[in-house]
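Hello,

Here is the structure I promised to pass on to you. Please open it next to this email, and then read on for what turned up in it.

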Amino acid sequence: MSRMNERPACRADVRVDLAAIRHNVTVLSGLAAESGARTMVVVKSDGYGHGAYTVAEAALRSGAEWLGVASIPEALELRERGISAPLLCWLYQHGDDVTGAVRARVDLSVSSESQLRDVVAAAGATGRTARIHLKIDTGLHRNGAPAELWERLVALAAKAEADGALEVFAVWSHLACADEPGHPSVDVQAERFRIAYEQALAAGLRPLRHLANSAALLTRPDLRFDMVRPGIAVYGLDPVPQEGDHGLRPAMTFRSSVALTKRIAAGESVSYGHMWTAPAETTLALVPVGYADGVPRSLSGRFSVWLGGERRPVVGRVCMDQIVVRCDDAPVSEGDEVVLFGPGDEGEPTAEEWAERLGTIHYEIVSGMYRSRVSRTVVAEDAP
């Protein structure tokens, strides 16, 4: 079935291709399995805008064994919706519902003594043994315990494990420049991670290791260890396209439809600021989607859409609620589908193109698409 053959259900719509998600997870988990590693699919930020629960279900049917989220509310929502698979949460602060997470059997990342105390207290309050992943900062310098505090944190965690309050399931870290293959920091971080892991072993712990994100999974088999954590690659967006085609399929299509058409004369200008003037008589198509719906205003005059079987330029300013497309003499009509970005299979623009024009990454484009005025349509055709 064509990915672009029906009108979106409302003024703007994100279409999620579950077959693509399942394909990508199958590819990625297959690579992990070659190294004997498990796969944790990252579904934070509502599955990078694709729908956390929907992606989680598809991923678990396609080779993933674990799920990863940033916040405790994200984790608890998945549990409330019936997801029982192992689930790691790594970004929380004092006062968050750590007790609820332990009760729901959510694994928690621990980067400090205060977090460790919170988890031990939650274990006591619930009567359950908490499961934690100790995080070492190997050079990204965001979350994670600094090296000078690591041995003490490990010792305290080992004592808590001996006391039965918790299980230290894994030691982990995160790479800063894995999407730049050959960057020297990757090897530096890998060596620091090795040292931290050996210190955990010396303290009597026997944890798993996980370090590789999408880029490292694709380019550094030696860093797959016991588990990998693909994020953006699950959604079909390649973090290292310079390394060749990895066979990933973009899962998101952002679309709208024509609300109005009109002819304007040569010399007439369009939209706020009159930044574009028609060089000849032309047909314009009004599309009811703008920067409040995820179309950056900074793309004004710099992008096109797929309409009527070809790319057509967006002219004038991107407004809060609408854009204007130049159609020349093409026979466009109200209700015609407009694809703002998609997989690129039929020639339509892609999220990667948007990112390049904006000087950003495709992560930002797709994860910013979950908005109140944008519906989400999940399509599962072609799924096995």
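A helix here is a DSSP run of at least four residues, and helices are numbered from the N terminus. With that in hand, you can find Val366 in helix α11, which covers residues 362-367. Please keep in mind that this is a predicted model.

Let's stay with Val366 for a moment. Is it buried or exposed? Buried means under 20% relative accessible area, and Val366 has a relative accessibility of 2%, so this residue counts as buried. What does Val366 touch, once its neighbours within four places in sequence are left aside? Its contacts are Tyr48, Gly49, His50, Ile232, Leu237, Met252, Phe341 and Ala351.

Now for the whole chain. You will find 11 helices and 19 strands in it. The C-alpha trace spans about 80 × 45 × 40 Å along its principal axes. The chain has 384 residues, and 53% of them count as buried. If you take the contacts with a separation of 6 or more, 67% come from residues 24 or more positions apart.

Next, have a look at Ser29, which sits in helix α1 (residues 18-34). Its relative accessible area is 11%, so Ser29 is buried too. A polar atom of the Ser29 side chain lies 2.7 Å from the backbone oxygen of Val25. Not counting residues up to four places away in sequence, Ser29 touches Thr39, Ser62 and Gly63.

Finally, here is a pair of helices to look at together. Two packed helices are described by the angle between their axes and the distance between the axes. For helix α7 (residues 147-162) and helix α8 (residues 184-202), the axes come within 9 Å and cross at roughly 30°. Angles under 35 degrees count as roughly parallel, and α7 and α8 are therefore roughly parallel to each other. The crossing of α7 past α8 is right-handed. Which residues make the contact? On the α7 side they are Trp150, Glu151 and Val154, and on the α8 side Ala196, Gln199 and Ala200. Sorted by class, this contact has four nonpolar residues, one polar and one charged.

Best wishes

Notes:
Residues numbered from 1 in each chain as written. Predicted model: local features only at pLDDT ≥ 70, side-chain atom pairs only at ≥ 80, totals over all residues. Heavy atoms only, no water. Axes fitted to C-alpha atoms, helices over the stretch in contact; angles between N-to-C directions. Helix = DSSP H or I, 4+ residues; strand = E, 2+ residues; numbered from the N terminus. Parallel < 35°, antiparallel > 145°, perpendicular 65-115°, else oblique. Left-handed = near helix turned anticlockwise from the far one by under 90°. Contact = heavy atoms within 4.5 Å. Nonpolar A, V, L, I, M, F, W, Y, C, P; charged D, E, K, R; others polar. Buried < 20%, exposed > 50% of the residue type's maximum accessible area, 1.4 Å probe, protein only. Polar contact = N/O pair within 3.5 Å; in protein donor to acceptor, adjacent residues only side chain to side chain.
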